[in-house]
Amino acid sequence: MMDRVPQEYVFPLDDYIQTGVHWVVDEWRPFFQALRWPIAKVLDVTLDSLVFMPFWGVVAVLLVLGWRLADIRAGITAALSFTVIAFLGLWDEAMISLSILITSVVFCVIVGVPLGILAGRSNMFWAFLRPILDTMQTTPSFVYLVPVVMLFGIGTVPGVIATIIFSMPPIIRLTNLGLRQVPADAIEAGEAFGATEWQTLVRIRMPMAMPSIMAGLNQTLLMALVMSVIISMIGAEGLGLTVLRGIGALDVGLAGIGGLSIVLIAISLDRITQGLGQPRKSAGDQKGFIGRIGRAAQLRRSAA
Amino acid sequence: MTEKLKVEGLYKVYGERPEEAMRLIREGADPDTIREQTGQVAAVIDASFKVDEGEIFTIMGLSGSGKSTLVRCLNRLIEPTRGKIILDGQDILQHSKSEMRATRRRKISMVFQNFALLPHKTVFDNVQLGLSLRGESREHCEKAATDALAQVGLSGWSDRYPDDLSGGMKQRVGLARALASDPDILLMDEPFSALDPLIRDELQRELLKLQREIKKTIIFITHDFQEAVKLSDHLAVMRDGRFVQVGTPQDIVFRPFDTYVKNFSREMDRGRVLTAAMLADAFETVRVAPTARAADAAAALDAAGRPFALVETPSGAVQGYVGRSDLSRTGGTVSDAMNDLSAKLASDEIVGNAYDRFQPNRPVAVVTPDQRVTGLVTADDVLGFLAGKTMPDLRLVAERAPVHAPTPAYQEANP
């Protein structure tokens with residue numbers, strides 16, 4: 001026992017953390033409850049509309065979405081995958097998982113893109129943010145669960161919060177990267193024609209960073225998918241819980257179809273969002289938002 | 001010609017401590033010494049010039065001579081260290097940020113070497129960039145963009161993306177974009193340098209053609225001496241951040257300030273620069289009356305060392321010409337040996353475009369717009385110029401001094 005530090009010299013960091021977190025929980029309860037609220041709302045609305053639709057309605061939406069955003073193959077892949085899930089009898093769980101994913105990604109974009117823009121515009125902010133992102137990305141996913149449970153409790157909404165935090169870094173990083181990769185001559189051209197800072201950002205930097213931001217969205221989505229399974233351990237519902245229950249009960253069949261459904265969702269969503277990076281002949285001819293995303297996708301391909 | 005843009009004593013020093021570099025510049029140090037001693041880079045040193053409305057003013061220099069920095073100082077994409085840039089009587093270096101933005105939106109636009117088109121926008125949207133940035137109405141934007149595309153011959157390409165276009169076409173789009181906002185001044189930073197020679201030549205000619213219609217004031221940057229000579233009304237030769245010489249292409253080619261400038265024109269076809277007026281100026285014109293004795297006329301020609309004399313009545317009416325050999329064959333008056341003057345050159349004509357008018361043993365008359373004959377020149381005279389003769393009585397661009405003369409520091413350094 002000579003190699004151990006005597007008990008009275010051990011630094012009681014665990015006690016301090018415990019006390020600190022308790023203090024935060026007691027004093028900041030209204031703040032954390034306020035944070036919960038918008039997330040819970042978006043989650044509810046998303047889930048309600050997914051459940052409100054018949055299963056073939058959701059399948060049809062995915063088909064069209066995949067087709068418009070990527071190509072018809074992505075649409076068919078997504079439609080087939082969800083049909084299989086429906087016939088596996090896990091439709092409700094799948095819809096819960098899907099709404100957790102959608103909610104997480106929505107908040108990741110709302111928070112992550114502006115952070116990425118700030119990071120891309122300010123070296124000081126990036127120097128501050130970068131070590132945080134590095135730490136976040138090397139932190140095992142389980143570790144996120146502890147503070148979340150302490151601060152927000154257990155259940156689906158705290159699960160979504162953990163998912164948002166866990167899957168935020170890629171979109172911040174790639175927004176930052178995309179903005180920094182915009183060719184200097186394009187920015188100079190904007191300036192030479194009298195663009196304001198804001199006009200340069202909205203009309204030149206952001207559109208040209210879009211391929212990179214889309215790649216960030218894809219990565220964020222896949223990380224959210226991983227986390228949406230893990231959060232079943234803090235009581236979040238969805239396919240993760242199905243798998244967890246299957247493992248708990250040594251029900252290999254249940255765990256198997258749960259796992260299969262997760263894989264199918266992953267493939268579908270990855271195809272659709274990665275499809276933004278696939279070549280697409282007609283994309284350039286389309287007007288409006290979809291066309292612009294398609295255009296961005298083409299650029300991403302030619303940049304690669 | 002009204003003066004559009006005047007630049008006075010413009011300096012640009014890159015680095016944290018420009019004052020030190022400025023001090024060394026005053027002491028006459030060259031950029032290499034400045035960089036070694038202070039770590040500052042003096043890119044533009046005491047540039048002064050004037051540009052008249054509607055002219056093409058070229059700044060010619062090799063890479064690293066500071067020309068791209070200089071042109072970016074003119075619209076303050078790069079902030080000059082010191083100096084004045086007077087546009088329409090106002091020093092734009094005194095402009096606030098928003099005034100400068102307004103100037104860029106309305107008065108100065110730019111064409112870039114690497115086109116700098118926005119790949120996510122259609123050709124049409126690229127062209128109307130400047131207009132939409134300044135918030136013009138949709139109709140105005142569309143009309144101006146359509147017109148500008150037509151001017152550069154790209155109607156029908158509106159809906160394409162820059163990636164679909166060849167280099168030459170991209171630069172046409174770049175030009176259309178600059179023209180669409182109807183600026184007073186067009187800054188062109190090596191616009192044709194990235195293009196292959198045939199396309200470059202085509203675009204140069206089109207630019208000149210277009211310029212005859214639009215009459216913009218153009219500041220053109222290039223490292224290509226031929227291009228500079230072809231396009232410019234006036235050109236400045238830049239070296240190590242300083243102007244070596246400013247003048248017309250004729251000045252630069254035929255009255256080079258030093259061997260540095262002279263070396264640029266060594267390879268070029270000097271006939272493309274030579275004007276008939278210069279040729280006429282270079283040689284004495286012997287004028288004789290038709291009633292004069294042939295022997296007197298011959299003596300006058302011998303004294304001047306010229307082969308032909310212009311036959312003119314005392315009131316100034318041109319009758320024809322006589323040759324030295326014709327005169328020795330006749331004993332009478334000049335009119336006996338006189339020939340008709342059939343070959344003529346307008347005084348602003350480029351001699352290189354009119355070689356076919358020079359016949360052996362016959363002079364060509366140089367005629368001013370008001371039909372005065374200012375000289376009789378021969379193929380031999382032209383050959384003398386082409387062979388590298390420089391103007392004997394070199395006044396260094398005196399007519400545009402003081403702003404156009406080489407900077408004193410440069411003159412001292414390169415006596």
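Modeller: Happy to! The contact draws 20 residues from chain B and 19 residues from chain A, two residues being in contact if their C-beta atoms, placed from the backbone, lie within 7 Å. Please keep in mind that this is a predicted model, where local features need pLDDT of at least 70, side-chain atom pairs count only at pLDDT 80 or more, and totals for chains, interfaces and linings use all residues. Residues are numbered from 1 along each chain as its sequence is written, while chains are lettered from A and ligands numbered from 1 in the order in which they are written.

On the side of chain B that touches chain A, the elements giving two or more residues are α4 (97-106), β6 (108-111) and α6 (129-133) of chain B; helices (H or I, at least four residues) and strands (E, at least two) are DSSP runs, numbered from the N terminus. By class, this side of chain B has nine nonpolar, six polar and five charged residues. Here Ala, Val, Leu, Ile, Met, Phe, Trp, Tyr, Cys and Pro count as nonpolar, Asp, Glu, Lys and Arg as charged, and the others, Gly among them, as polar.

As for the chain behind that surface, chain B has 17 helices and 16 strands, and its C-alpha atoms fill a box of roughly 80 × 55 × 35 Å, taken along the principal axes. Among contacts in chain B with a separation of 6 or more, 65% join residues 24 or more positions apart.
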